[in-house]
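Here is a friendly walk through some of the words used for a protein model. Each answer sets a value beside the rule behind the word.

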Amino acid sequence: MIEYDKTRLDIEVDELPFQDFLTSRYSMTVRVNAQKTYDFAKENNIPFFNMTVACILEAINEIPEFKRRIIDGKIYEYDKINAVSPIMQEDHSIREIEIKPLSEEKSLEKWNNIIENKKDNIEDSQFLVEPTLRDMLPICNLSCIPWINFDSMTNIIASSNQIMPVISWGKLVDGKIPVSLTASHVFIFGYHFKLFYEKIENYLENPESLMKKNK
């Protein structure tokens, strides 16, 4: 797994809200415009999945609260987080790959080639990261369900106070995709959901703006 620097925050764990709730996880699903990213992907011979991941990763990395984790009873904020995403195999089994933000590479072409190479040479293990370790690392879980135009989704919860964001999106219909976000209420509030959906739709509506963020 790719590591990033992290900073310890001057916040105590016992000051966080919703610690004694049955679960601090909650979800929201919003349909966002994605036709321009779909068209951009087709014009540039890049999988729509890859371009959607690029938009999501840039959006979530711009919101500090999504990069916060509790490690050994202390609160840290990572500089960046990557995606861990399931990739379906020919026998419909699942294998995972790690994807870093597009802005961490020098060009869209190179970034896309890295992802496609990982898909073609995926390791013969189901999961990259054990569930108990997912809150320790700078990752979020991204998953696409391209066959279904869903209204809402309850994403999997590994533990009641899981911190790692989980994002799933569905089928493109009438230029929009449903995007489900599950996050921890100890760090993420309605305002942060609002920021996320604004940012992701801005990138999906303007995919060419991602090119300006490359190293």
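Q: How many aromatic pairs are there by the ring rule?
A: The count comes to 6 aromatic pairs in this predicted model, where rings of Phe, Tyr and Trp (its six-membered ring) pair if their centres lie within 6.5 Å. Planes under 30 degrees apart count as stacked, over 60 as edge-to-face and the rest as tilted.

Q: Why is the pair of Phe 49 and Trp 169 called stacked?
A: The ring centres of Phe 49 and Trp 169 are 5.6 Å apart and their planes stand at 20°, so the pair is stacked.

Q: What makes this pair a tie between parts of the protein?
A: Phe 49 belongs to helix H2 (residues 48-61) and Trp 169 to strand E8 (residues 166-169), so the pair ties together parts 120 residues apart in sequence. Helices (H or I, at least four residues) and strands (E, at least two) are DSSP runs, numbered from the N terminus.

Q: Why is the pair of Phe 66 and Phe 196 called tilted?
A: Their ring centres lie 6.1 Å apart and their planes are at 55°, so the pair of Phe 66 and Phe 196 is tilted. Phe 66 sits in the loop between H2 and E3 and Phe 196 in helix H4 (residues 190-205), so this pair joins parts 130 residues apart in sequence. Ring pairs also link Phe 66, Phe 196 and Tyr 197 into a cluster.

Q: How do you know whether Phe 66 is buried or exposed?
A: Buried means under 20% relative accessible area, exposed over 50%, partly exposed in between (1.4 Å probe, protein chains only). Phe 66 has a relative accessible area of 1%, so Phe 66 is buried. Phe 196, at 0%, counts as buried too.

Q: Why are strands E1 and E3 said to stand at the edges?
A: An open sheet of 3 strands has the order E1-E4-E3, with antiparallel pairing. Strand E1 (6-8) and strand E3 (68-71) each have a single partner strand, so one side of each has no neighbour in the sheet.

Q: How do you know that E3 and E4 pair?
A: Two strands pair if DSSP finds at least two bridges between them. E3 and strand E4 (residues 74-78) are joined by 4 bridges and run antiparallel, and Arg 69 stands opposite Tyr 76 in E4.

Q: What do the numbers rest on?
A: Residues are numbered from 1 along each chain as its sequence is written, and side-chain values use heavy atoms, leaving out hydrogens and water. In this predicted model local features need pLDDT of at least 70 and side-chain atom pairs count only at pLDDT 80 or more, while totals for chains, interfaces and linings use all residues.
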